[in-house]
Protein chains: 6
Amino acid sequence: MAMVRLVEYAEAEAGVRAVYDDIMTTRKTDWVNNFWKALAHHIPTLERIWSTVKVVMAPGAIDPLTKEMIYVAVSITNNCEYCIHSHIASARAKGMTETQFGELMAVVGLANENNRLANGYQIPVDAVFRQQF
Amino acid sequence: MAMVRLVEYAEAEAGVRAVYDDIMTTRKTDWVNNFWKALAHHIPTLERIWSTVKVVMAPGAIDPLTKEMIYVAVSITNNCEYCIHSHIASARAKGMTETQFGELMAVVGLANENNRLANGYQIPVDAVFRQQF
Amino acid sequence: MAMVRLVEYAEAEAGVRAVYDDIMTTRKTDWVNNFWKALAHHIPTLERIWSTVKVVMAPGAIDPLTKEMIYVAVSITNNCEYCIHSHIASARAKGMTETQFGELMAVVGLANENNRLANGYQIPVDAVFRQQF
Amino acid sequence: MAMVRLVEYAEAEAGVRAVYDDIMTTRKTDWVNNFWKALAHHIPTLERIWSTVKVVMAPGAIDPLTKEMIYVAVSITNNCEYCIHSHIASARAKGMTETQFGELMAVVGLANENNRLANGYQIPVDAVFRQQF
Amino acid sequence: MAMVRLVEYAEAEAGVRAVYDDIMTTRKTDWVNNFWKALAHHIPTLERIWSTVKVVMAPGAIDPLTKEMIYVAVSITNNCEYCIHSHIASARAKGMTETQFGELMAVVGLANENNRLANGYQIPVDAVFRQQF
Amino acid sequence: MAMVRLVEYAEAEAGVRAVYDDIMTTRKTDWVNNFWKALAHHIPTLERIWSTVKVVMAPGAIDPLTKEMIYVAVSITNNCEYCIHSHIASARAKGMTETQFGELMAVVGLANENNRLANGYQIPVDAVFRQQF
């Protein structure tokens with residue numbers, strides 16, 4: 001059970017409905033997932049996060065499926081159950097195959113392992129890696 | 001300064017040299033970065049991690065640049081200074097543009113924010129996201 | 001289900017009862033929450049953590065509600081389901097309004113995002129921030 | 001050394017200068033800290049994060065000093081060196097005393113300890129804590 | 001519900017069965033736990049992780065029970081519910097007493113607290129601790 | 001540079017000196033490491049943490065070297081540079097061999113990897129692992 005009541009469309013005030021409407025229009029769906037119904041508890045956050053998601057996850061120099069896989073990698077590392085479920089669903093909806101999912105998990109697992117080996121041994125960064133753009 | 005002495009090629013025993021040689025051959029370079037010189041402290045780990053990196057980071061259903069970006073996303077979330085430097089260098093070497101890097105950072109930042117919003121509100125997973133393959 | 005049996009008052013030995021009694025007296029309640037019933041499994045930890053909580057969370061230079069909100073911020077960042085529930089309940093009992101909760105979540109979300117941006121770009125600390133007291 | 005070149009005012013393009021100007025005006029200072037000079041690398045992120053910081057960290061239902069202490073608590077838990085330095089400096093500038101800092105650290109330490117005890121014992125959430133607003 | 005279908009022995013292909021057989025033979029049991037049934041979704045990962053677990057968790061310079069307790073300490077710090085359950089079960093099967101479990105939890109809790117105190121105060125490493133082998 | 005001035009013995013007030021004296025007596029050394037000199041900034045924390053460390057890290061049902069290795073495993077997972085250095089030094093002083101260190105790192109790396117695989121696949125806990133003591 002969520003820490004706040006989920007705000008359904010029927011009972012939502014105008015500011016919330018405006019965001020819900022935009023979510024459904026943008027995504028070409030007729031429903032809104034629980035993440036937004038919880039954020040509706042604090043409208044400035046609801047509006048800010050939605051406008052950010054629309055921009056950040058949109059096609060750009062990185063394609064939407066790759067963005068979803070990056071999002072999933074972070075969510076697994078932070079152990080966010082909600083985000084793992086919702087963004088793996090999004091990645092699959094955008095075409096992630098099961099083989100790609102298996103490889104994504106393998107990279108996430110390996111990176112987590114090697115992060116600890118590098119930190120545990122306190123390995124100094126090679127000079128050549130300290131280049132900038 | 002690392003917790004263990006970095007093992008240089010000149011002083012390395014045969015088992016270590018064999019891995020260093022394979023790293024240089026595989027990567028078509030004439031040097032080995034510090035990560036491996038620290039792992040050389042424990043040969044079973046050196047051999048295992050190298051053979052894993054070769055397989056997991058190789059081209060597959062996910063292309064190598066995307067794999068590097070996923071690796072970077074995990075390393076930033078875990079705050080591994082060594083891995084952030086080395087894998088951003090790898091991603092750039094594989095063609096990551098600065099605009100892509102900016103978008104990668106934006107996705108990583110947003111995912112970290114939303115992970116906490118979802119966990120903090122303890123948002124229940126929507127039934128539709130609980131599908132399996 | 002917990003990894004250890006929760007120790008109820010009726011079955012508790014004297015050392016455990018003494019702590020439970022002090023918890024109920026200090027908090028002016030007639031029940032003890034599960035956290036303490038699990039710690040009762042290892043009495044030195046039960047006694048130590050309770051005596052620490054009494055001192056650290058008490059009114060001081062920082063007021064109790066602010067302390068609870070700081071505690072909640074850490075618990076969300078670490079994703080501790082039990083602590084998120086129990087300390088949001090405490091914060092509400094101490095007067096946290098829903099608008100304050102919304103703002104708390106917004107700060108926690110933003111800090112988590114910016115922590116990753118700062119670490120990912122490996123931004124050097126400005127000299128002026130390196131002052132001490 | 002940062003992963004990206006820090007963008008100084010003198011060399012910045014108009015969009016970056018507009019944000020820098022707003023930062024200095026809002027904060028009544030004549031300098032910009034490194035965080036923004038790194039974000040300037042990706043202007044959409046610079047603009048978005050600055051507009052978010054202005055809103056989220058402003059006085060509201062929670063006072064600005066408390067918001068800074070919450071921000072510090074998250075940054076310590078995530079181990080963000082830059083954010084620890086910059087936000088402790090902000091908290092001190094907003095009046096945090098050294099005794100308050102000592103208490104803040106004590107709460108952060110205790111919460112991190114208890115988060116692990118609760119997760120390690122997998123303690124079930126008490127029914128009474130599952131209330132909603 | 002897992003993100004992937006758990007692969008049962010009866011329906012498994014040959015490569016998966018070979019690993020399952022080796023797990024049961026090595027552990028002298030007649031069943032396979034869910035971890036492997038999920039990894040079976042991506043055979044290269046199943047084979048690699050199993051061969052790694054066999055080597056890394058085997059008796060060596062550190063005894064198997066100590067290795068399990070180290071594994072549990074990491075799993076609690078990362079908040080992995082599955083791993084907390086499975087490796088505490090393994091540690092108990094290898095002889096961990098309840099007093100040892102209580103002490104393990106106390107060390108894990110304290111280390112997490114002190115990690116944050118050290119990071120929050122940004123304490124410089126004493127020169128004498130910077131020795132190498 | 002630490003966020004607080006390190007308190008040296010010569011300038012310390014009586015309450016701080018009492019703890020420093022006890023540290024040196026308990027450890028049979030004539031110096032105090034920086035961790036305590038930073039905590040001296042807030043005497044209640046200095047006293048509480050020292051009394052806790054004395055009890056929790058002392059010989060008990062788990063031997064002191066194993067406790068140090070558990071502490072190191074947590075510190076690596078949390079990426080606490082100070083704690084990694086100081087507790088690896090302690091473990092070596094208590095007899096940890098370099099082969100043991102190599103195995104410790106291997107277990108820490110593997111546990112971090114498998115934690116993410118288990119969380120990423122959201123693997124359900126096997127019923128048999130849900131036993132209690």
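User: What distance separates the centres of domain 1 of chain A and domain 2 of chain A, taken over C-alpha atoms?
Analyst: This is a predicted model. Chain A is divided into domain 1, residues 1-56, and domain 2, residues 59-122. Taken over C-alpha atoms, the separation of the two domain centres is 25 Å.

User: By what turn can chain B be laid on chain A?
Analyst: In general, two copies of a chain are related by a rotation about an axis and a shift along it. For chain B on chain A, the RMSD is 0.0 Å and the shift along the axis is 0.0 Å, with a turn of 180°. The two copies are thus related as by a two-fold rotation axis. The turn asked for is 180°.

User: Do chains A and B meet through the same surface or through different surfaces?
Analyst: The contact takes 59 residues from chain A and 60 residues from chain B. Of the interface residues of chain B, 98% are also interface residues in chain A, so the copies meet through the same surface.

User: Which element gives the largest share of the side of chain B that touches chain A?
Analyst: The contact takes 60 residues from chain B. The elements of chain B that give two or more residues to this side are α2 (34-39), α3 (43-56), α4 (64-78), α5 (81-93) and α6 (98-120). The largest share is 16 residues, and it comes from α6(B).

User: How many residues of the side of chain B that touches chain A are charged?
Analyst: The contact takes 60 residues from chain B. By class, this side has 35 nonpolar residues and 19 polar ones, and the charged residues number six.

User: Do chains D and F meet through the same surface or through different surfaces?
Analyst: The contact takes six residues from chain D and six residues from chain F. On the side of chain D, the largest share, four residues, comes from helix α6 (residues 98-120). The residues of that side divide into three nonpolar, two polar and one charged. Only 17% of the interface residues of chain D are also interface residues in chain F, so the copies meet through different surfaces.

User: At what angle do helix α4 of chain E and helix α4 of chain F pack?
Analyst: Both helices span residues 64-78, and their axes are 9 Å apart. The crossing of α4(E) with α4(F) is right-handed. The contact includes E:M69 and E:I70 of α4(E), and F:M69 and F:I70 of α4(F). The packing angle is about 30°.

User: Is A:K28 buried or exposed?
Analyst: A:K28 lies in the loop between α1 (14-27) and α2 (34-39) of chain A. Its phi is positive, about 55°, although A:K28 is not a glycine. A:K28 has 6 other C-beta atoms within 10 Å, so it is exposed.

User: How far apart in space are D:A2 and D:Y71, C-alpha to C-alpha?
Analyst: D:A2 is in the segment before α1 of chain D. With 17 other C-beta atoms within 10 Å, D:A2 is partly exposed. Leaving out residues up to four places away in sequence, D:A2 touches A:Q132, C:Y121, C:Q122, C:I123, C:P124 and D:A38. D:A2 and D:Y71 are 69 residues apart in sequence, and their separation in space is 22 Å.

User: Which residues does B:R17 touch, not counting residues up to four places away in sequence?
Analyst: B:R17 lies in helix α1 (residues 14-27) of chain B. B:R17 is partly exposed, with 15 other C-beta atoms within 10 Å. B:R17 and B:A40 are 23 residues apart in sequence and 9.4 Å apart in space, C-alpha to C-alpha. Not counting residues up to four places away in sequence, B:R17 touches B:Y9 and B:A12.

Notes. Residues numbered from 1 in each chain as written. Chains lettered and ligands numbered in written order. Predicted model: local features only at pLDDT ≥ 70, side-chain atom pairs only at ≥ 80, totals over all residues. Contact = placed C-beta atoms within 7 Å. Nonpolar A, V, L, I, M, F, W, Y, C, P; charged D, E, K, R; others polar. Least-squares fit on C-alpha atoms with pLDDT ≥ 70 in both. Buried ≥ 20, exposed ≤ 12 C-beta atoms within 10 Å, placed from the backbone. Domains from an automatic or database assignment. Axes fitted to C-alpha atoms, helices over the stretch in contact; angles between N-to-C directions. Left-handed = near helix turned anticlockwise from the far one by under 90°.
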